[in-house]
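My notes follow the structure.

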Amino acid sequence: MPATRRFRSSPFLPKASKTTPATLPLLHRAIKALILGDLLMKCLYRVRPYEVEKGSANKLYELWDTIVRETIEHHGYSKTAAKAPGIRKGYLPYNVLAKEIVKSFDNLPLRDIPRKVRVGVVGEILVKYQPDANNHVVDVIESQDCEAVV
């Protein structure tokens, strides 16, 4: 009998795959994406209850969502950002990108009303950020004339 022992394959054991290993640059880009995604959500939830024109905050969020995806994928370059009015930059390094996001949400026209009641959403990360998992709790909070803090 040979010295090496052979194991039967099991459907429960993971199979060897040819996936890309997690390298340091890949992890760095993933962390940037997480931080920028969180920044976008915070900016959206902060200004949406006070927007003058309904849907303008969502429209701005969708623009920046596209730009962030492109810059992460293409190492700082974005065709959408180069064409967007008010930005007109094709190359946005991480720190400039974050500042431009905040600046654009700060420039969004808002109603001049007292600060609304802020309601915090706590819990597991999937339940906090996935509308289908939390029964659209942010929409419910905003429909009750409050500001959601996630």
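I began with the packing of helix 1 and helix 4, whose axes lie 10 Å apart at an angle of about 10 degrees (axes are lines fitted to C-alpha atoms, for helices over the stretch in contact, with angles from 0 to 180 degrees between N-to-C directions). I therefore noted helix 1 as roughly parallel to helix 4, a label for angles under 35 degrees. On helix 1 the contact (heavy atoms within 4.5 Å) involves residues including Leu36, Leu40 and Val47, and on helix 4 Leu97, Ile101 and Phe105 are among them.

The model is predicted, with local features needing pLDDT of at least 70 and side-chain atom pairs counting only at pLDDT 80 or more, while totals for chains, interfaces and linings use all residues. Residues are numbered from 1 along each chain as its sequence is written, and side-chain values use heavy atoms, leaving out hydrogens and water.

I then turned to Glu70, which has its place in helix 2 (residues 56–73), a DSSP run of H or I with at least four residues, numbered from the N terminus. Beyond four places in sequence, I found Glu70 in contact with Tyr77, Ser78, Lys79 and Thr80.

Last, I noted that His75, which follows helix 2, has a positive phi near 55 degrees.

Notes. Helices (H or I, at least four residues) and strands (E, at least two) are DSSP runs, numbered from the N terminus. Angles under 35 degrees count as roughly parallel, over 145 as roughly antiparallel, 65 to 115 as roughly perpendicular and the rest as oblique.
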